Protein chains: 2
Amino acid sequence: MKNPPSLDQLISALRVLPGVGPKSAQRMAYHLLQRDKPGAEKLARALEHALSHIGHCQRCNTFSETPLCALCADPARRQDQLCVVEMPADMLTLEHTQSYDGLYFVLMGRLSPLDGIGPRDLPLEKLAHRALDGAVREVILATNFTAEGETTAHALSELLKGHGLTLTRMARGLPVGGELEHTDPGTLAQALFERRGVTGG
Amino acid sequence: MKNPPSLDQLISALRVLPGVGPKSAQRMAYHLLQRDKPGAEKLARALEHALSHIGHCQRCNTFSETPLCALCADPARRQDQLCVVEMPADMLTLEHTQSYDGLYFVLMGRLSPLDGIGPRDLPLEKLAHRALDGAVREVILATNFTAEGETTAHALSELLKGHGLTLTRMARGLPVGGELEHTDPGTLAQALFERRGVTGG
Ligand SMILES: [Zn+2]
Ligand SMILES: [Zn+2]
């Protein structure tokens, strides 16, 4: 006694999704076939459409349906600042702050030995080519402040140093509105270490 | 600054999957487009294939690619026992015990007011028609021993009573190898209440 073959194939295919094990793949397949066939149809079409339409921006490497993404094609952005982030979502988050008007480069990942992602899996040549275009003066290494993000930032600084670029990293410290009592010791230590002068009375 | 439209469509389409919120849909879309395009293609094809090939068995209502599923078409199964389960996975689990050789009926769900699933969303007419075919003598109400499963079993017994069928429910009690000390009070109480006579010395 087994599932019909096309059901087993669907359950197995759903496991390509990150974080989906055999039990949730089965639950998803049952749900789609029993309660949401239009949703399953929509998902199949969205997958096909995205696969045939989405590539990478030639300049910043983010997902784009056009050779240049809208941001890279925007003449109002500063050309001398390049902010390197791990994922497109990071770029969106930074854009949301409305406090940066330079350009980006999206790594589409981070160095992660545990996941088998090494330097060859990141677009380092494309980044070097982009950062050394002559217009860029400062590269902001805005990978996450996780162990993997820090390792990646270090590798990027090794890659880009010695070419007259200013390499920076965002400050670590307390969040706006943050209370000392509720801040973890590592962040507090870093905030102390990176303390800045104030102009006082 | 936004995602490309076809990426947003894919993120939105992935949310038809149960348990997938905006964050994990985004993570899934990034993963498929960046690291597993063959997997995305495979998923799209598996969805289309399942949608066009999988229907319900005419007799037992489980997923099937043929009008009668393999189990219902098997002449070696007893025709006088009908075991009603919530989902196809329950049928597979019971089959795995190799301790039942009757037939099944799969509800494809359970009564669940919180999820908006009422009696009209379950194939109760199909079940009544199946159970009253003249060959069935006993109907085993094998819905889960959860609140929803118990409610469903009660509704099914109301539906099927008064037609001369024997209606049964699986026993509750300690698991094989179970120790009293490590059994929850509700199960213990039920095991006491459903105690059976033993032939002893
Ligand atoms: Zn771009
Ligand atoms: Zn069947």
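Guide: Let's start with two cysteines: B:C57 and B:C69 are both buried, where buried means under 20% relative accessible area, exposed means over 50%, and partly exposed is in between, using a 1.4 Å probe on protein chains only. This is a predicted model, in which local features need pLDDT of at least 70, side-chain atom pairs count only at pLDDT 80 or more, and totals for chains, interfaces and linings use all residues. Residues are numbered from 1 along each chain as its sequence is written, chains are lettered from A and ligands numbered from 1 in the order in which they are written, and side-chain values use heavy atoms, leaving out hydrogens and water.

So what holds the zinc ion (ligand 2)? The SG atoms of B:C57, B:C60, B:C69 and B:C72 are its protein donors, lying 2.3 Å from the metal. (Donors are N, O and S atoms within 2.8 Å of the metal, or 3.2 Å for Na, K and Ca.) Angles of 106 to 117° between these 4 donor atoms make the arrangement around ligand 2 tetrahedral, a label for four donors whose angles all lie between 85 and 135 degrees. B:C57 sits in the loop between β1 (55-56) and β2 (63-64) of chain B, while B:C69 sits in the loop between β2 and β3 of that chain, so the pair ties together parts that are 12 residues apart in sequence. (Strands are DSSP runs of E with at least two residues, and helices are runs of H or I with at least four.)

A:C57 and A:C60 are both buried.

While you're in chain A, look at A:N61, in the loop between β1 (55-56) and β2 (63-64). A:N61 has a positive phi of about 75° although it is not a glycine, and it counts as buried because its relative accessible area is 6%.

Chain B has a positive phi to look at, too: B:M108, at about 60°, is not a glycine. You'll find B:M108 in the loop between β4 (103-106) and α5 (124-131) of chain B, buried with a relative accessible area of 1%.

Last stop, some strands of chain B. Strand β3 (residues 81-85) and strand β5 (residues 138-141) of chain B run parallel and are joined by 4 bridges, and two strands pair if DSSP finds at least two bridges between them. Along that pairing, B:V84 stands opposite B:L141 in β5(B). On to β6 (residues 166-168) of chain B, which runs parallel to β5(B) and is joined to it by 3 bridges. Here B:E138 stands opposite B:T166 in β6(B). To get from β5(B) to β6(B), the chain passes through helix α6 (residues 147-160) of chain B, and this β-α-β crossover is right-handed: with the strands pointing away from you, the path from the first strand over the helix to the second runs clockwise.

Key: Tetrahedral: all angles 85-135°; square planar, octahedral: opposite > 155°, others 65-115°.
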